[in-house]
Amino acid sequence: MLPNNFSQLIPYLQPELEILETHQVTQEFYQEVKYRQEFEVYCQWYYETAESHRQELQKMRGDLNLFRWFFRQKY
């Protein structure tokens, strides 16, 4: 059996443990939210960059190819 002094301390530990567990879960939740937001920003940047590159490629395909004109071989 526990002495009287210890029996009074044990009930007070439970709320503190619950508070710490709640705090930890809350921190993990906010960390996950932050990670997902940063990932969404990265994906948006990536899609915009890819679209810009596609547009540049289409423009380059329409440009006159000077290298082909200077270096074409005669058969």
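Phe39 is partly exposed, with a relative accessible area of 45% (buried means under 20% and exposed over 50%, with partly exposed in between, for a 1.4 Å probe and protein chains only). The model is predicted, with local features needing pLDDT of at least 70 and side-chain atom pairs pLDDT 80 or more, while totals for chains, interfaces and linings use all residues. Residues are numbered from 1 along each chain as its sequence is written, and side-chain values rest on heavy atoms, without hydrogens or water.

**Overall picture**
- The protein has 2 helices and 0 strands (DSSP runs numbered from the N terminus, with at least four residues of H or I for a helix and at least two of E for a strand).
- Phe39 sits in helix 1, which spans residues 4–62.
- Of the 75 residues in the protein, 3% count as buried.
- The accessible surface amounts to about 8,300 Å², and carbon and sulfur atoms account for 60% of that area (Shrake-Rupley method, 1.4 Å probe; for residues, only the protein chains shown count as cover).

**The nonpolar patch**
- Have a look at Tyr35, Phe39, Tyr42, Trp45, Tyr46 and Tyr47: these residues make up a nonpolar patch on the surface.
- Together the patch residues present about 770 Å² of accessible area.
- Patch members have over 30% relative accessible area and no salt bridge; nonpolar side chains (Val, Leu, Ile, Met, Phe, Trp, Tyr) are joined within 5 Å, and like charges within 9 Å.

**Aromatic pairs**
- The model holds 5 aromatic pairs (ring centres of Phe, Tyr or Trp, the last by its six-membered ring, within 6.5 Å; planes under 30 degrees apart are stacked, over 60 edge-to-face, and the rest tilted).
- One of them joins Phe29 to Tyr30 in an edge-to-face arrangement, at 5.5 Å centre to centre with 70° between the planes.
- Phe29 counts as exposed because its relative accessibility is 51%, and Tyr30 is exposed too, at 54%.
- Tyr35 and Phe39 form a stacked pair, with 6.3 Å between centres and 15° between planes.
- Both Tyr35 and Phe39 belong to helix 1, where they are 4 residues apart, about one turn of the helix.
- Further ring pairs link Tyr42, Trp45, Tyr46 and Tyr47 into a cluster.

**Salt bridges**
- There are 3 salt bridges in the model (a side-chain nitrogen of Lys or Arg within 4 Å of a carboxyl oxygen of Asp or Glu).
- Arg36 meets Glu32 through their side chains, at 2.8 Å from N to O; both residues lie in helix 1, 4 residues apart, about one turn.
- Arg36 counts as exposed because its relative accessibility is 56%, whereas Glu32, at 36%, is partly exposed.
- Lys34 pairs with Glu38, and their closest N and O atoms are 4.0 Å apart.
- Lys34 and Glu38 are 4 residues apart in helix 1, so about one helical turn separates them; Glu38 is partly exposed at 48% relative accessibility.
- Glu51 and Arg54 form another salt bridge, at 2.7 Å from N to O.
- Because Glu51 and Arg54 are 3 residues apart in helix 1, the separation is about one helical turn.
- Glu51 is partly exposed, with a relative accessible area of 35%, and Arg54 is partly exposed at 48%.
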